[in-house]
Amino acid sequence: MTASNAIDYTAVAERYIAAWNETDAVKRRELLEAAFTEDAAYTDPLADVASRDALDMVIGAVQGQFAGLVFTLGGPVDGHHDLVRFTWNLGPAGGEALVVGFDVAQIAADGRVCKVSGFLDKVPAGL
């Protein structure tokens, strides 16, 4: 996919966030399969993995560490060509974000994410 008008960047980011929020392992796996390629690479300051299975484990670990918190989009989603960028928040539903990050994702020809570079902008002490 190279034409910017062929990609719904907001939908890509929303699928991404939905996968990170799903706590049911079976449902999360379905969301991951819809949102990420099998060999999707994910890198942030705390993780560096290269498969959908490994990303599933990272998400499970994050959910265990931040039980009860939810991810939300932190503002408008932006994209061009096969790249999408967005800010996300992690905090209590309807409350102030405890963690804020910024991700840039590459989108494969089939519309799924194949690579993520993540950055942490706000992190609680001790993380």
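At roughly what angle do the axes of α1 and helix α3 cross? In this predicted model, the two axes cross at roughly 60 degrees and come within 9 Å. Angles of 65 to 115 degrees would count as roughly perpendicular and angles under 35 degrees as roughly parallel, so α1 is oblique to α3. On the α1 side, the residues that meet α3 are A19, W20 and N21. On the α3 side, which spans residues 52-65, they are L55, V58, I59, V62 and Q63. By class, this contact of α1 with α3 has six nonpolar, two polar and no charged residues.

The description just used can be applied to other helix pairs. Two packed helices are described by the angle between their axes and the distance between the axes.

Take next helix α1 (residues 9-21) and helix α2 (residues 25-35), whose axes come within 9 Å and cross at roughly 155 degrees. An angle over 145 degrees counts as roughly antiparallel, which is why α1 is described as roughly antiparallel to α2. The crossing of these two helices is left-handed. R15, Y16, A18 and A19 are the residues of α1 in this contact, and they meet R28, L31, L32, A34 and A35 of α2. The contact of α1 with α2 contains seven nonpolar residues, two charged ones and no polar ones.

The remaining pair is α2 and α3. Their axes come within 11 Å and cross at roughly 130 degrees, and α2 and α3 are therefore oblique to each other. Here the crossing is right-handed. From α2, the contact uses R28, R29, L32 and E33; from α3, it uses R52, D53, L55, D56, I59, G60 and Q63. Sorted by class, the contact of α2 with α3 has three nonpolar, two polar and six charged residues.

Now turn to the aromatic rings. The model has six aromatic pairs. One of them joins Y16 and F86, with 5.0 Å from centre to centre and 75 degrees between the planes, an edge-to-face arrangement. Y16 belongs to helix α1 and F86 to strand β5 (residues 83-91), so this pair ties together parts that are 70 residues apart in sequence. Are these two residues buried or exposed? Buried means under 20% relative accessible area; Y16 has 2%, so Y16 is buried, and F86, with a value of 2%, is buried as well.

Another pair is formed by F71 and W88. Their ring centres are 5.3 Å apart and their planes stand at 65 degrees, so this pair is also edge-to-face. Because F71 lies in strand β3 (residues 70-73) and W88 in strand β5, the pair ties together parts that are 17 residues apart in sequence. Both F71 and W88 are buried. Ring pairs link Y16, W20, F36, Y42, F71, F86 and W88 into a cluster.

Finally, consider a residue in a loop. A50 lies between β2 (47-49) and α3. Its relative accessible area is 59%, so A50 is exposed. Which residues does A50 contact, leaving aside its neighbours within four places in sequence? They are D39, A40 and A41. A50 and D39 are eleven residues apart in sequence, and their C-alpha atoms are 6.0 Å apart in space.

Key
Residues are numbered from 1 along each chain as its sequence is written. This is a predicted model: local features need pLDDT of at least 70, side-chain atom pairs count only at pLDDT 80 or more; totals for chains, interfaces and linings use all residues. Side-chain values use heavy atoms; hydrogens and water are left out. Axes are lines fitted to C-alpha atoms, for helices over the stretch in contact, and angles run from 0 to 180 degrees between N-to-C directions. Helices (H or I, at least four residues) and strands (E, at least two) are DSSP runs, numbered from the N terminus. A crossing is left-handed if the near helix is turned anticlockwise from the far one by less than a right angle, and right-handed if clockwise. Contact means heavy atoms within 4.5 Å. Ala, Val, Leu, Ile, Met, Phe, Trp, Tyr, Cys and Pro count as nonpolar, Asp, Glu, Lys and Arg as charged, and the others, Gly among them, as polar. Rings of Phe, Tyr and Trp (its six-membered ring) pair if their centres lie within 6.5 Å; planes under 30 degrees apart count as stacked, over 60 as edge-to-face and the rest as tilted. Buried means under 20% relative accessible area, exposed over 50%, partly exposed in between (1.4 Å probe, protein chains only).
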